[in-house]
Amino acid sequence: MNNEYVIITDIVADLGKQYAEAEKIDIIPLYYRFEGEQIVYGGENEISQEAFYEKLSKNIRPYTMGANIQFVEDIFRKRLEEGKDILCIILSTNVSGTYNAAYTVANELRQEYKERKINLVDSLSASLTEGLLVKEAVNLKNEGKSIDQVTKYVEENKRKYAARFLVADLKYLVLGGRLNKISGRIGNMLNLKPVLKLTEDGNIEMVFKTRGHKQAITAMLKSVKETLSSEDHIAVLHAGNEQLAMLVKERIENELNLKVEIVSSITLILGSHMGKDAVGIVYIGKR
């Protein structure tokens with residue numbers, strides 16, 4: 001007989017509170033603060049998208065932090081005390097140190113709860129490339145699959161979802177330390193729009209730079225068409241610009257003849273690196 005288990009993930013999976021509550025998924029929050037401020041945001045203490053991106057527009061740099069290790073321990077311990085095993089699917093270790101926090105907690109609690117299983121998966125993903133994988137795990141769990149069966153599936157399919165992102169303004173990459181100021185200034189002067197992708201090992205890498213927003217979207221669609229392997233589970237993500245996301249959705253459906261299932265905003269943690277008006281496509285395909 002299979003033991004009862006729970007699925008835990010993090011806020012960057014972009015699953016939304018309603019879905020998490022309906023499926024009884026525990027969400028690990030991540031935190032951030034702004035330069036010159038002592039207030040830490042994240043979890044129950046959030047600000048609006050509008051306020052967040054307004055601060056970024058004023059070049060106020062956000063500093064992102066990993067998970068609170070005590071919070072991770074508390075939620076793990078709560079589920080273990082209930083007699084449940086744990087499957088924890090976490091965003092890429094190349095994006096955040098959250099997996100390392102969960103790994104440390106899991107190793108300690110395994111000694112205390114020797115009869116329980118704590119399975120950890122580094123998803124090598126973020127946003128809905130992670131979130132759609134978690135949804136698949138939830139569906140398998142609901143079908144009656146054991147924790148080990150679901151863990152095996154997730155490990156074998158964690159590179160299943162690919163992503164292409166268009167960053168509207170290079171200054172956010174500069175503020176995040178991913179591009180030097182001179183390159184960023186020159187890039188913006190030339191109106192260069194970088195298109196990014198999630199790599200096989202869960203890093204964020206530039207695919208190419210184009211001149212102008214319209215050309216960048218065209219290049220992003222071309223890259224999706226060349227690497228797409230399934231017409232299922234196509235999503236469009238945005239950073240505070242739903243109108244732009246709907247435009248990209250329309251172009252995907254008209255030019256690629258594909259159905260977009262989800263249009264959603266990204267978590268503010270990712271928005272701190274991408275900046276307002278970033279837009280991306282998540283799909284099944286080659287990274």
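Predicted model: local features only at pLDDT ≥ 70, side-chain atom pairs only at ≥ 80, totals over all residues.
**The four-stranded sheet**

An open sheet is built from four strands in the order β2-β1-β5-β6, and their pairing is parallel. At its edges stand β2 and β6; each has a single partner strand, so one side of each is left without a neighbour in the sheet. From one strand to the next, the twist averages 20°.

Strand β5 (85-90) is mostly covered, six of its six residues being buried. Its side chains are divided between two directions: D85, L87 and I89 point one way, while I86, C88 and I90 point the other way, and all are buried. In a regular strand, side chains alternate between the two faces of the sheet. On one side, β5 pairs with β1 in the parallel sense over four bridges. Five bridges join β5 to β6, again with the two strands running parallel. The table lists residues that stand opposite each other in strand pairs of the model.

| Residue | Opposite residue |
|---|---|
| V6 | I86 in β5 |
| I86 | I118 in β6 |
| L87 | N119 in β6 |

Two helices pack on this sheet. Helix α4 touches β5 and β6, and its direction makes about 165° with that of β6. Helix α6 (residues 147-157) touches β1, β5 and β6, with a direction at about 10° to that of β6. Together, β5, α4 and β6 make a right-handed β-α-β unit.

**Helix α3**

Helix α3 (residues 69-81) has 13 residues and reaches 18 Å from its first C-alpha to its last, close to the 18 Å expected at 1.5 Å a residue. At the start of α3, a side-chain oxygen of N68 comes to within 2.8 Å of the backbone nitrogen of Q70. After the helix comes G83, whose phi is positive, near 85°. The buried residues of α3 are V72, E73, I75, F76, R79 and L80. Their cover includes the strands β1 (5-10), β2 (26-28), β5 and β6, as well as helix α4 (98-112).

**Residue S123**

S123 is placed in the loop between β6 (118-122) and α5 (128-142). With a relative accessibility of 0%, S123 counts as buried, because the cut-off for that class is under 20%. A polar atom of the side chain of S123 lies 2.8 Å from the backbone oxygen of I90; I90 is itself one of the buried residues of β5. Leaving aside neighbours within four places in sequence, S123 is in contact with I89, I90, L91, S92, E130, L133, K158 and R287.

**The six-stranded sheet**

A further open sheet contains six strands in the order β9-β8-β7-β12-β10-β11, with mixed pairing. Here β9 (204-211) and β11 (260-265) stand at the edges, each with a single partner strand, so one side of each is left without a neighbour in the sheet. On average, neighbouring strands of this sheet are turned by 20° against each other, direction ignored. Within the sheet, strand β10 (residues 234-238) and strand β12 (residues 279-284) run antiparallel and are joined by four bridges. L237 has G280 in β12 as its bridge partner. Helix α5 lies across β7 (161-166), β8 (192-198), β10, β11 and β12, and runs at about 155° to β7.

Note on methods. Residues numbered from 1 in each chain as written. Heavy atoms only, no water. Buried < 20%, exposed > 50% of the residue type's maximum accessible area, 1.4 Å probe, protein only. Polar contact = N/O pair within 3.5 Å; in protein donor to acceptor, adjacent residues only side chain to side chain. Contact = heavy atoms within 4.5 Å. Expected span 1.5 Å × (residues − 1). Pairing = 2+ DSSP bridges. Right-handed = clockwise from strand over helix to strand, strands pointing away. Axes fitted to C-alpha atoms, helices over the stretch in contact; angles between N-to-C directions.
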